Amino acid sequence: MTEPIAGDRKAGIVGVFDRAASTYDQVGVTFFGTVARSLVDRTAPRHGERVLDLGCGRGSSALLAARAVGPSGRVLATDLAPQMVGGLRTRASDLPWLKVELGDAEHPPPGPWHVIQASLVLFFLPDLDAALDRYRAALAPRGRLGFTWFGAADESWAPVYDAIVGALPEEDRPPRDVTSSGPFESVAALEGHLAEHGFGDVVTTDVRLEVDFVDAEQWWAWTWSQGQRALLEAHERHGTLDALHEVVDPMLHERAAADGGLTWWTDVRCTVARS
Ligand SMILES: C[S@@+](CC[C@H](N)C(=O)[O-])C[C@H]1O[C@@H](n2cnc3c(N)ncnc32)[C@H](O)[C@@H]1O
């Protein structure tokens, strides 16, 4: 029975991103573009190369790759959320060598690809190990697999997060964070998985990103615009969103600087390996 459960989970995750797509990366917060830049700097697509960008979202890393490979290259960007695919198609209309399709990041289209990259996606996959085998098979000899994922985050925000999660019934609570167990638990664990699946020359770099919100309203807009939307939607379903605001708004007010601004940080890791 593991497959239907994994399938339900995947559909749930993708549904959240589909509903987030109209505001995803568009609420004035600098984040996904910076992460994508760090990834594409390291996968370093060259003129004429073939790049597969998995879980492309609205294209933060796919667009950078398309500009790097130029018209003699090719980028295929895939995502399971139709609204993300539609959004990127609109943004890519002047880059005919960037194709955007619906696709599951666990099942890469056949290559050979010089680069397979995925920014903030692989920790969502129900079966990373199976996916890694498929990536290796789809990569050209010495092709690069690059992806970003999360490290430590600003623990001072834990009371806010706990207020959001703690008020939800058990079945709506996510794991504390994706870095607490499994392949993404540590750099050593992740690099071990890559080695087991035939990848070498593995390099992981860690960058701390400081994220600024102009005010509490922007923080809420940001939370609705990305994966944490799942928690707010759960509150909406249970009719507890107003009560949540009553608890969290004063916390945000207390955290805010004199100008109303809020800051949060997270470490983002970028791992690149060769087939
Ligand atoms: C955090 S967003 C990252 C989007 C984009 N890579 C970026 O950096 O802005 C995660 C994306 O992965 C997609 N996603 C999650 N699981 C997926 C899967 N199994 N196959 C394809 N896309 C998936 C979501 O729909 C979402 O667009």
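Predicted model: local features only at pLDDT ≥ 70, side-chain atom pairs only at ≥ 80, totals over all residues.

**Exercise 1: Strands side by side**

Task: Find the residue that stands opposite T78 in β3, then work out how β2 and β3 run and how the chain gets from one to the other.

Solution. Start at T78: its opposite number in β3 is E101. Residues are numbered from 1 along each chain as its sequence is written, and side-chain values use heavy atoms, with hydrogens and water left out.

Next, look at the whole pair: β2 and β3 run parallel and are joined by five bridges. (Strands are DSSP runs of E with at least two residues, helices are runs of H or I with at least four, both numbered from the N terminus; two strands pair if DSSP finds at least two bridges between them.) Finally, follow the chain: β2, helix α4 (residues 82-91) and β3 form a β-α-β unit that is right-handed. That word applies if, with the strands pointing away from the viewer, the path from the first strand over the helix to the second runs clockwise.

**Exercise 2: The other neighbour of β2**

Task: Which residue of β2 is the bridge partner of R50, and how many residues of β2 are buried?

Solution. First, go to R50 and step across to β2: the partner is R74. Then zoom out, and you'll see β1 (residues 50-54) paired with β2 in the parallel sense, over five bridges. The link from β1 to β2 goes through helix α3 (residues 60-69), and this β-α-β crossover is right-handed. Last, check the cover: in β2 (residues 74-79), five of the six residues are buried. (Buried means under 20% relative accessible area, exposed over 50%, partly exposed in between, with a 1.4 Å probe and protein chains only.)

**Exercise 3: Two helix pairs**

Task: At what angle do α6 and α10 pack, and at what angle do α8 and α9 cross?

Solution. Take α6 (residues 158-166) and α10 (residues 241-255): the angle is about 175°, and the axes are 10 Å apart. So α6 is roughly antiparallel to α10. (Axes are lines fitted to C-alpha atoms, for helices over the stretch in contact, and angles run from 0 to 180 degrees between N-to-C directions; under 35 degrees is roughly parallel, over 145 roughly antiparallel, 65 to 115 roughly perpendicular and the rest oblique.) Now list who touches whom: P159, V160, A163 and I164 of α6 make the contact with L244, V247, V248, M251 and R255 of α10. (Contact means heavy atoms within 4.5 Å.) Sorted by class, that gives eight nonpolar, no polar and one charged. (Ala, Val, Leu, Ile, Met, Phe, Trp, Tyr, Cys and Pro count as nonpolar, Asp, Glu, Lys and Arg as charged, and the others, Gly among them, as polar.)

On to the second pair: α8 and α9 cross at roughly 95°, with axes that come within 6 Å. So α8 is roughly perpendicular to α9. Here W220, T223 and W224 of α8 meet R229, L232, E233 and E236 of α9, which sort into three nonpolar, one polar and three charged residues.
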